[in-house]
Amino acid sequence: MFRAVVRRQRGVSVERLASPHIRAGEVRVQVLLAGLCRTDLLAAEGRIPVADGRVLGHELVGEVIEAPGSDLRPGTRVTVNPILPCMRCRMCNVDPRRCLEPRTLGIDVNGAFADQLVVPAQVVLPVPRNMDLRRAAFVEPAAASMAVLKAGLRRGTRGLVYGQGRIAELTHRALRAEGFEGVMRSHSLELERGGYDFVVETEPSPKVFSALLKALAPGGVMVLKSRPSEPVALDVAYAVQNEITLRAVRHGSFEDAIGALHAGRLRVDDLCGPTFPLEQAEEAFERAWDHEESKVFLKP
Ligand SMILES: [Zn+2]
Ligand SMILES: [Zn+2]
């Protein structure tokens, strides 16, 4: 038996669950610290569909308890890529990161707000033993923000990250840390027309898309970074007329994110909020709703 934060009809509750069976190729991880993210809040509210009784959470640092059939030794400190490939589809044969039917930790399968979890070995990534636990629990959002680095943007050009949430801040820092020194950050839609060579959106709405398209110089790049639950209208005619490139990116390299966080190249310490014990999950969720600017953690 172990404790876990599960979704119930009206929010979250802390319950005891039977330890899941583990098969060869899977890893049982003792959770040391887990980060709360917007996805968890939306899942708890039912705005992202999640089964009743699902253990939430997808950002974590932990320690391997057992890993039958894998090289991972018990006690190894690890984090997890929460996108779980099916390992059966056509694309998984080529590159599991391109899986046609991936499942998400804490949404489709039981996640990280628990004493322990079981995940496939291929999504488990070792982190340095002396890495700060909060930084290690920040790897997934860091990798998500570092996705912009694979969008083919050019240093020395004029860029803009739009949004006021933590992901906008982190994305801005990720670009700056990689030498995009001139990149601006804004959450005002009063933008210079044609003033930017690339823009990164983090808060999608027809109004935002329209303003960002117009802020791009002809031939510019719009990076799509958010995952709205509903389709969002986009002025395709304007994009075509101005030969705008649309680049959608999800995650960068998790290994790079671990390196950047551990070395302090990507700073997150000032974005870390309070840590709550697992039992106080409800308070932790409330705090996270009220303070988008800093990340709340749960400690089993
Ligand atoms: Zn997250
Ligand atoms: Zn697959």
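This is a predicted model: local features need pLDDT of at least 70, side-chain atom pairs count only at pLDDT 80 or more; totals for chains, interfaces and linings use all residues.
**Figure 1. The whole chain at a glance.**
Residues are numbered from 1 along each chain as its sequence is written, while chains are lettered from A and ligands numbered from 1 in the order in which they are written. You'll find nine helices and 16 strands here; these are DSSP runs numbered from the N terminus, with at least four residues for helices (H or I) and at least two for strands (E). The radius of gyration of the chain is 20 Å, close to the 19 Å that the globule rule gives for 300 residues, so the chain is as compact as a globular protein of that length. That radius is taken over C-alpha atoms, and the rule is 2.2 Å times the number of residues to the power 0.38. Along its principal axes, the C-alpha trace spans about 60 × 40 × 35 Å.

**Figure 2. The two domains.**
The domain assignment gives domain 1 (2-137 + 267-299) and domain 2 (145-248); such bounds come from an automatic or database assignment. Taken over C-alpha atoms, the domain centres are separated by 29 Å. Seven residues of domain 1 are in contact with five residues of domain 2, contact meaning that two C-beta atoms, placed from the backbone, lie within 7 Å.

**Figure 3. The open five-stranded sheet.**
The order of this open sheet is E11-E10-E12-E13-E14, with parallel pairing; strands pair if DSSP finds at least two bridges between them. E11 and strand E14 (245-248) stand at the edges with a single partner strand each, so one side of each is left without a neighbour in the sheet. On average, neighbouring strands are turned by 20° against each other, direction ignored. For angles, axes are lines fitted to C-alpha atoms (for helices, over the stretch in contact), and values run from 0 to 180 degrees between N-to-C directions. Helix H5 packs on the sheet, touching E10, E11 and E12, and its direction makes about 155° with that of E10. Helix H6 (residues 206-215) packs on the sheet too, touching E10, E12 and strand E13 (216-224), and its direction makes about 160° with that of E12.

**Figure 4. Zooming in on strand E10.**
Both faces of E10 (residues 159-162) are covered: Gly 159 and Val 161 on one side, and Leu 160 and Tyr 162 on the other, are all buried. In a regular strand, side chains alternate between the two faces of the sheet. E10 runs parallel to strand E12 (residues 196-201), joined by four bridges. Leu 160 stands opposite Val 199 in E12, and Tyr 162 has Glu 201 as its bridge partner there. Three bridges join E10 to strand E11 (residues 184-186), again parallel, and Tyr 162 stands opposite Ser 186 in E11. From E10 the chain crosses through H5 (residues 166-177) to E11, a right-handed β-α-β crossover: with the strands pointing away from you, the path from the first strand over the helix to the second runs clockwise.

**Figure 5. Asp 52 in its loop.**
Asp 52 sits in the loop between helix H1 (38-45) and strand E4 (59-66). With 9 C-beta neighbours inside 10 Å, Asp 52 counts as exposed. Not counting residues up to four places away in sequence, Asp 52 touches Arg 7, Arg 8 and Gln 9.

Notes:
A residue is buried if 20 or more other C-beta atoms lie within 10 Å of its own, exposed if 12 or fewer, and partly exposed in between; C-beta atoms are placed from the backbone.
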